[in-house]
Amino acid sequence: MTKKILPFSKSQMEKIIKEYPTPFHIYDGKGIRKNAKKLYEAFSWISGFKNYFAVKANPNPHIIKIVKEEGMGVDCSSLTELILAEKLGFRGEEIMFSSNETHYREFQKAKQLGAIINLDDITLLPYLEKYAGLPKLLCFRYNPGPLREGNRFIGNPKEAKFGMTKKQLFDGYKIARDKGVKRFGLHTMVVSNELDPTAHIETAVMLFDLIVELSKKLGIKFEFVNLGGGIGIPYKPEQKAVDYVFLSKEINKLYKKKIVANKLDSLKIIMENGRLIVGPYGYLVTTVLHKKEIYKNYIGVDSCMANLMRPGMYGAYHHETILGKENKPKNCTYDVVGSLCENNDKFAIDRKLPKVDVGDILVIHDTGAHGYSMGFQYNGKLRSAELLLKPDGKVKLIRRAETVDDYFSTLDFSSL
Ligand SMILES: *Cc1c(COP(=O)(O)O)cnc(C)c1O
C-alpha cells in the first residue's frame, strides 16, 4: 500500500492559484532529493554507482539541476536534450547518449561533448565512424529478443525496435575493438514501469552473464553495465514501491557470484531511471469547470490530455484528490475529462470520488515524469506552467505557461 499524501494543503494551494492560475504541474523538490539520496545510499556498495536521469521524463532545467546536485548524470536521446545537458553544465561522461534512428548531427554533438555513446544498432558503428569518428569509449544496447519476456509496458523484446541481437553484439564489440576502441559498456532496457524487483534482478543476471562471456571471448574489458531505467512507481494506492535496499542486495549477491568471481570487479553499475526519480513528486493541479450528466456523469476540468497524456495514451491510472475532501466518502462515480475533441481525453474513467462541485481543485498525482514532457498543442491547447515547491513552502515558477503568441510564433501571417 502506498498512501497518496500531498506535500501541500488546500489553503496553501488556494494561495498559489491566486498567483498562478490552473492548470499547472507542481513539483516537490524536497521529495525528489530525499528519494535520490535513498537510491544512492542503497547502491553505495558499488563504487561509481550513478543514475543517468532520463531527461525525457522531465526536461525542466530546475528539476535536472536538483538531480545533478544529488550526483546524477543525464541520459539524453536527442540533439535538444544534449544541448540542454550542456547548458546545465554536464560534461563528458556525465552524459549518456542512448538514441535510436539517430541523425549524424546528433552523434556529432554527443561526440563533441564527450558523452558516452550507446549504439542502438550495429549499422550505426560505420555511420558513427564516418560522421563523427569512433570515441575511445563505446556502449551497445542489447535486445535479448526471444531470450527474455519483457513486460506489459515495453512489450515483448522480440517486437521491440530497440537494441541489437546477441550475435550483432558480439560482432559489434569485435569490430569496435579492432578499430581501436579501448573502453566498453553494455546496456539494455527491456522493461518499463516495472514494480516487480525480480524483473530488474533478471536483467542484472542477463547482463552480468553476457559481460563475462564477452570479456572472455573477445578479450575486452567492460567499465560499466547500464541496467537501464524502467523501475516502476506505485501509481495506484494498492501498489508498493520497489524496495531499493532489497534490489541492491540481490544485485550485490549476483555481482559477487558472477563479476567478482570472474575477476571483472572494476565493473561499475549504472542505471538510467527517469520515472522513479521524479514521477511521484509531480502533481497536475486543475480546476473543475463543469459537471455534465448524460449517460454517464462527467467532471470537466481546465486541463486536458495535452497536459498529461498517459491516461489517454496508455489507459494509465493516475490517482486523484479533491482538495479539502480527502476524508469524505468516495460515493460518486465520475469520468474526469478534459476539453479535447477526442474521446480518449479522460484522466479517469468510472472513478470513485467524493461528490465533486464546480470550482473544486482537483489534483492529479504522479505527474512528475512523462507528464509535462509529453505535452502537445493539438486543438490549440497551450502547455501549462511548471512550479517548484521549495522546502520552505514557497513556490518558484520554473516554466511559464505558454501564451497564444507562443502558439503563433512559428507562423508567418504576412506571407499569406
Ligand atoms: C525512457 C527511457 C528511460 C527512462 O525510463 P523510465 O521509465 O522513465 O525510467 C531510460 N532509458 C531509455 C533508453 C529510455 O528510452
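View 1. Strands are DSSP runs of E with at least two residues and helices are runs of H or I with at least four, both numbered from the N terminus. Residues are numbered from 1 along each chain as its sequence is written, and side-chain values use heavy atoms, with hydrogens and water left out. Because the model is predicted, local features need pLDDT of at least 70 and side-chain atom pairs count only at pLDDT 80 or more, while totals for chains, interfaces and linings use all residues.

**View 2. The neighbours of β3 on either side.** Strand β2 (residues 50–54) pairs with β3 in the parallel sense over three bridges, two strands being paired if DSSP finds at least two bridges between them. Ala 54 stands opposite Asp 75 of β3, and the chain crosses from β2 through helix α3 (residues 61–69) to β3 in a right-handed β-α-β crossover; right-handed here means that, with the strands pointing away from the viewer, the path from the first strand over the helix to the second runs clockwise. β3 also pairs with strand β4 (residues 95–98), again in the parallel sense over three bridges, with Met 96 as the bridge partner of Asp 75 and Phe 97 as that of Cys 76. The chain crosses from β3 to β4 through helix α4 (residues 79–87), and this β-α-β crossover is right-handed.

**View 3. The closed barrel.** Eight strands with parallel pairing form a closed barrel in the order β2-β3-β4-β5-β6-β7-β8-β9. Neighbouring strands of this sheet are turned by 25° against each other on average, direction ignored.

**View 4. Helix α8 and the residue that follows.** The 22 residues of helix α8 (residues 197–218) should span 32 Å at 1.5 Å a residue, and its end C-alpha atoms are 31 Å apart, which agrees; the expected span is 1.5 Å times one less than the number of residues. Just after α8, Gly 219 takes a positive phi of about 65°.

Notes:
Axes are lines fitted to C-alpha atoms, for helices over the stretch in contact, and angles run from 0 to 180 degrees between N-to-C directions.
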